[in-house]
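Biologist: Could you put the model up so that we can go through it together? I have a few quick questions.
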Amino acid sequence: MSASNNREGPMEWLSFIIVVTLALYLLIGLVAWVWMLFRPDIETPAAFGTVLAAIIGAFAGVLTPLRMPSGTGREAGEARSGSGGAEPPPRR
């Protein structure tokens, strides 16, 4: 076994725990937000939507694959960017 194989198992579990935790935080936050919106005697904090947006952003960041999709290099890059035009000049 190589060192990279030993780290993949814990990394998968860590990613799974992070995804489940963020999903629970998001679910609890959405339920609390809706509950506060429908209760006239409870004032919804102004930053509550910002906190939920941060949780959604973290959730999306964890679920986004780290590796680039397989493609043929330049052709895949042009298809993603949509420009199909000239490349930027090289840095000096």
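Biologist: Is tryptophan 13 buried or exposed?
Modeller: Tryptophan 13 is exposed, because its relative accessible area is 59%, where buried means under 20%, exposed over 50% and partly exposed in between, with a 1.4 Å probe and protein chains only. Please keep in mind that this is a predicted model, in which local features need pLDDT of at least 70 and side-chain atom pairs count only at pLDDT 80 or more, while totals for chains, interfaces and linings use all residues. Residues are numbered from 1 along each chain as its sequence is written, and side-chain values use heavy atoms, with hydrogens and water left out.
Biologist: How many aromatic pairs does a search of the whole structure find?
Modeller: The search finds 1 aromatic pair, and this is an edge-to-face pair of tryptophan 13 and phenylalanine 16, with 6.0 Å centre to centre and 90 degrees between the planes. Rings of Phe, Tyr and Trp (its six-membered ring) pair if their centres lie within 6.5 Å, and planes under 30 degrees apart count as stacked, over 60 as edge-to-face and the rest as tilted.
Biologist: And how are those two placed in helix 1?
Modeller: Tryptophan 13 and phenylalanine 16 are 3 residues apart in helix 1, so about one helical turn separates them.
Biologist: Changing topic, how many helices and strands are there?
Modeller: The protein chain has 3 helices and 0 strands, counted as DSSP runs numbered from the N terminus (helices are H or I, at least four residues; strands are E, at least two).
Biologist: Which residues make up the largest nonpolar core?
Modeller: That core has 6 residues, namely Leu22, Leu26, Met36, Phe48, Leu52 and Ile55, and helix 1 (3-38) and helix 2 (48-63) each supply at least two residues of it. A nonpolar core here is a set of buried Ala, Val, Leu, Ile, Met, Phe, Trp, Tyr and Cys residues joined through side-chain atoms within 4.5 Å.
Biologist: What is leucine 22 in contact with, leaving aside neighbours within four places in sequence?
Modeller: Leucine 22 is in contact with Ile55, Ala58, Phe59 and Val62, where contact means heavy atoms within 4.5 Å.
Biologist: Which residues of helix 2 are buried?
Modeller: Phe48, Leu52 and Ile55 are buried in helix 2. They cover an arc of only 60 degrees around the axis, so they lie on the same side of helix 2, the arc being that of the directions from the helix axis to the C-beta atoms.
Biologist: What about alanine 60, how accessible is that one?
Modeller: Alanine 60 also lies in helix 2 and counts as partly exposed, because its relative accessibility is 39%. Alanine 60 and valine 19 are 41 residues apart in sequence, with their C-alpha atoms 9.4 Å apart in space.
Biologist: Last one, what share of the protein chain is buried?
Modeller: Buried residues account for 9% of the 92 residues in the protein chain.
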